[in-house]
Amino acid sequence: MTKGKELSTWLDKVLSELEGIEFRRKSSRRLRVDVAADALPALLELLRGRASYVHLSAISCVDWPDDGAFELVYHVWSYELQSLVSAHTRIPREPGVYISVYDIYTPAAFFERDIHEMFGVYFEGSPDMSKFILTEWDGPPPMRKDFDSEAWVNDHFDWQDYNPEWLKEIVAQGGGIAIRPDEQRFSRK
Amino acid sequence: MRPENYETQRQPPSHEYELNIGPNHPGIEGNYAFKLRLHGDEVIEGRADAGYLHRGFEKLMEGRLWIQNLAITPRICVPDPVPMEISYCLAVEDLCGLEVPERAKWLRVLQAELSRLAAHLFTFGGHAATTGMYTPMFWGMADRDLILDLFEELCGGRVYHIYNIPGGVRRDMPPGFIERVSNTIDYLESRLPDYDNLMFRNRVFVKRARGVGVISQQHALDWAVTGPNLRATGLAFDVRRDDPYLVYDQLDFDIVTEDAGDAWARALVRRKELFESIKIIRQVLAKLPEIEGPIRCPIPNPLAWNVPAGSTYVRMESSKGELAWYVVSNGGEKPYRTHVRGPSQMHAVQVLEKLSVGCRIEDVAQIMFSLDACPPEVDR
């Protein structure tokens with residue numbers, strides 16, 4: 001692993017010299033990098049091309065409506081260095097457009113399609129932005145924080161009174177449903 | 001299939017036709033559709049269509065307490081639910097800085113490896129079924145049931161266990177459990193030669209599985225293939241060894257590899273991993289009586305538990321490949337965001353679409369099962 005150690009020290013040195021990048025080692029195998037949105041593709045190119053981070057583990061999206069931003073986190077793993085870099089970047093929530101990294105990491109296509117569907121972030125240059133899971137969905141992107149599932153259900157569906165014959169008999173004898181849904185403490189928003 | 005998937009090509013060439021496989025079909029362990037464009041019996045294009053098992057777990061988890069989410073996590077992967085709950089617990093423990101007692105870690109490894117055995121038995125039995133051999137499937141399901149019996153004894157649940165909680169496990173083993181696990185493991189090991197004779201020395205299976213759905217090592221790396229599918233291309237990578245968690249760094253096991261990268265190699269890797277899991281379980285059973293102490297560390301009142309703000313990315317080796325959770329807390333009593341990365345998100349979509357091109361129609365189901373894709377992981 002001496003080669004790995006050299007590469008890892010080299011990477012620390014390169015990252016500390018680059019402007020606009022903050023990096024922090026959380027443990028020997030976990031590195032967190034905060035980078036500006038326009039520098040992220042270049043960073044990923046460096047990590048993949050020069051530092052053996054060939055495996056894109058995932059792209060996660062987090063919605064921060066109070067800051068007016070989406071946080072995109074690219075988790076990349078190096079089989080040689082045995083370490084994982086999480087590159088965090090923020091893009092403005094409006095218009096919510098970013099660049100695809102499909103040309104650097106092929107698996108990005110799936111994650112970008114998923115984020116586009118769930119958060120409404122459009123990735124320019126991604127090979128396929130068509131719907132995948134929510135094919136019959138015409139509402140707003142559901143994973144956004146301002147999407148209220150309960151309000152959506154109330155607006156789009158009718159409530160049905162659940163009062164079958166067998167339940168009426170039990171209620172007449174003094175029984176019934178133990179905790180009414182609106183009295184449940186933790187299951188609702 | 002849903003109406004939008006009925007749309008045919010506007011002007012298809014006269015020699016081509018389309019075929020919809022799914023959402024219910026033998027090639028996968030759940031509801032998943034695959035749309036093919038064919039020329040004769042040769043596949044020209046395959047298109048994955050997911051969404052039949054979408055239950056919005058990531059959104060649901062944002063509305064529930066940290067402890068309530070334990071009931072959701074195992075349901076993300078039905079055949080192999082244990083790594084889901086363990087990895088979610090590892091993420092919460094990492095955010096809170098909880099130190100898990102040693103005994104709980106060993107119990108978790110025991111549970112994870114039993115689950116891997118059960119999942120592999122399920123998968124390669126199913127793989128044989130896609131080539132027309134139903135006996136391995138019946139045997140696999142029957143032997144898997146013995147492991148489910150053990151789970152039932154351990155925690156009351158056969159399929160979904162919810163045995164882990166952040167900080168440790170719910171309860172200790174019942175008396176005599178070690179012996180019963182040991183007996184089951186001995187029995188399963190005695191069955192392995194039968195599986196070899198029935199399946200891996202069977203000319204029908206060998207001829208059907210060899211050379212089908214070949215992934216080269218370079219392609220596997222490019223497409224983020226992980227787990228047994230990656231090891232079947234000759235790369236010895238296993239999260240258990242290379243990014244260790246729990247007590248896997250104290251255990252002695254080999255990483256099984258094969259070079260061919262085809263359906264045959266993938267089935268063989270799983271078959272050999274059964275033996276490695278048995279080896280690990282034996283070590284755990286020998287070690288468990290020596291480790292005394294609590295099975296969980298004290299946690300705050302779970303109904304009013306504010307997990308410190310922060311984010312963490314936790315990885316595990318499930319029976320299907322690399323499983324990861326990205327969990328974000330804003331210091332509240334519910335997760336701010338959870339993102340689960342299941343190995344099948346790669347295998348069932350991009351990899352499957354690429355592998356199906358050029359293969360014959362009867363091999364599609366086999367390729368799907370040899371990749372061991374799990375639709376609920378894709379849909380969440």
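Tutor: In what follows, helices (H or I, at least four residues) and strands (E, at least two) are DSSP runs, numbered from the N terminus. The model under discussion is predicted.

Student: Is B:Trp66 buried or exposed?

Tutor: A residue is buried if 20 or more other C-beta atoms lie within 10 Å of its own. B:Trp66 has 26 such atoms, and therefore B:Trp66 is buried.

Student: Leaving aside its neighbours within four places in sequence, with which residues is B:Trp66 in contact?

Tutor: B:Trp66 also lies 8.5 Å from B:Leu303, C-alpha to C-alpha, although the two are 237 residues apart in sequence. Once the neighbours within four places in sequence are set aside, the contacts of B:Trp66 are B:Val92, B:Pro166, B:Trp305, B:Val307, B:Glu333, B:Lys334 and B:Pro335.

Student: Which element of chain A gives the largest share of the side that touches chain B?

Tutor: The contact draws 28 residues from chain A and 30 residues from chain B. On the side of chain A, two or more residues each come from strand S3 (55-64), strand S4 (69-78), strand S5 (83-92) and helix H3 (108-119). By class, the residues on that side are 16 nonpolar, nine polar and three charged. The largest share, six residues, comes from S3(A).

Student: Is H3(B) roughly parallel or antiparallel to H4(B)?

Tutor: H3(B) packs against H4 (residues 135-155) of chain B at an angle of about 165°, with the axes 8 Å apart. The crossing of these two helices is left-handed. Angles over 145 degrees count as roughly antiparallel, so H3(B) and H4(B) are roughly antiparallel.

Student: How many charged residues has the contact of H3(B) with H4(B)?

Tutor: Residues that meet here include B:Leu121 and B:Phe124 in H3(B), and B:Ile147 and B:Leu148 in H4(B). The classes in this contact are 15 nonpolar, three polar and, for charged residues, two.

Student: How many charged residues has the contact of H3(B) with H10(B)?

Tutor: H3(B) and H10 (residues 263-287) of chain B pack at about 155°, with their axes 9 Å apart, and the crossing is left-handed. Among the residues that meet are B:Glu113 and B:Arg116 in H3(B), with B:Arg270 and B:Glu273 in H10(B). This contact has 11 nonpolar residues, four polar residues and, for charged residues, six.

Student: What is phi of A:Ser52?

Tutor: A:Ser52 lies in the loop between helix H2 (40-50) and S3 of chain A. A:Ser52 counts as partly exposed, with 19 C-beta neighbours inside 10 Å. Its phi is a positive value in a residue other than glycine, near 65°.

Note on methods:
Residues are numbered from 1 along each chain as its sequence is written. Chains are lettered from A and ligands numbered from 1 in the order in which they are written. This is a predicted model: local features need pLDDT of at least 70, side-chain atom pairs count only at pLDDT 80 or more; totals for chains, interfaces and linings use all residues. Two residues are in contact if their C-beta atoms, placed from the backbone, lie within 7 Å. Ala, Val, Leu, Ile, Met, Phe, Trp, Tyr, Cys and Pro count as nonpolar, Asp, Glu, Lys and Arg as charged, and the others, Gly among them, as polar. Axes are lines fitted to C-alpha atoms, for helices over the stretch in contact, and angles run from 0 to 180 degrees between N-to-C directions. Angles under 35 degrees count as roughly parallel, over 145 as roughly antiparallel, 65 to 115 as roughly perpendicular and the rest as oblique. A crossing is left-handed if the near helix is turned anticlockwise from the far one by less than a right angle, and right-handed if clockwise. A residue is buried if 20 or more other C-beta atoms lie within 10 Å of its own, exposed if 12 or fewer, and partly exposed in between; C-beta atoms are placed from the backbone.
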